[in-house]
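Student: I am new to this structure. Can we go through it in short steps?

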Amino acid sequence: MPKPLPDRFQDDSINEFRLAARQRAADAIVLQASNRRTAAIYLWGYVAEMTLKAAFFDVSGFDKNQPITKSDLRAALKGKGSFHHLGNWAQALVDLRFSSPQLAYPDPAFGSIVTAKAYSLYNIWREWIRYHKNVAYPHEVALARREAEWLLSHSLEL
């Protein structure tokens, strides 16, 4: 008998976040094309979240396959808010890079762009939108996709 899906999950890690982000981006594109706008935004938010988390732990020096625990997530955010707050993850990443000259972005303005993209998406996304029947406007889906795809396409620079 095959193992159930939850029993086949890998531990959270940089690689797992990055691979899952790409898969969820492909899923979001299909949902958007099928006019399932709120579901597309739901997944775009997770694409951004996983991308930001992967970048944070990569810059922190974690091995690509090192398990990332709830304690690691808590420590990364220093007790500030939800594990799903995109703005907090972007700010934690930018602050980490700013705190050490060898980690600094080559272009100092890049960190502001990262946080702006994260907060822009977070203005229309929350992990709990799955519980509501509201249908997103097309411009909201376009915004979510634009911001998430930007983060994903710059994931190795974050």
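Student: Which residue forms a salt bridge with lysine 64?

Tutor: First, this is a predicted model, where local features need pLDDT of at least 70, side-chain atom pairs count only at pLDDT 80 or more, and totals for chains, interfaces and linings use all residues. Residues are numbered from 1 along each chain as its sequence is written, and side-chain values use heavy atoms, with hydrogens and water left out. A salt bridge needs a side-chain nitrogen of Lys or Arg within 4 Å of a carboxyl oxygen of Asp or Glu. Here the closest N and O atoms are 2.6 Å apart, and the partner of lysine 64 is aspartate 58.

Student: Is lysine 64 buried or partly exposed?

Tutor: Buried means under 20% relative accessible area, exposed means over 50%, and partly exposed lies in between (1.4 Å probe, protein chains only). Lysine 64 has 33% relative accessibility, so lysine 64 counts as partly exposed.

Student: Which residues are linked with Lys64 in a network of salt bridges?

Tutor: Lysine 64 pairs with aspartate 58. The network also takes in an arginine, and the residues linked with Lys64 are Asp58 and Arg18.

Student: How far apart are the closest N and O atoms of glutamate 49 and lysine 53?

Tutor: Helices are DSSP runs (H or I, at least four residues), numbered from the N terminus. Glutamate 49 and lysine 53 are four residues apart in helix H2, so about one helical turn separates them. Both residues are buried. They form a salt bridge, and the closest N and O atoms are apart by 2.5 Å.

Student: In which helix do arginine 145 and glutamate 149 lie?

Tutor: Their side chains meet in a salt bridge, 3.1 Å from N to O. Arginine 145 is partly exposed, with a relative accessible area of 25%, and glutamate 149 is partly exposed at 31%. They are four residues apart, about one turn, in helix H6 (residues 138–153).

Student: How many salt bridges does a search of the whole structure find?

Tutor: Side chains of opposite charge can pair when their charged atoms come close. For the whole structure, the search count is six.

Student: At what angle do helix H2 and helix H5 pack?

Tutor: Axes are lines fitted to C-alpha atoms, for helices over the stretch in contact, and angles run from 0 to 180 degrees between N-to-C directions. H2 covers residues 37–59 and H5 covers residues 110–122, with their axes 10 Å apart. Their packing angle is about 150 degrees.

Student: Which residues in H5 meet H2?

Tutor: Contact means heavy atoms within 4.5 Å. From H2 come Trp44, Gly45, Ala48 and Leu52. In H5 they meet Val114, Ala118 and Leu121.

Definitions and conventions: Helix = DSSP H or I, 4+ residues; strand = E, 2+ residues; numbered from the N terminus.
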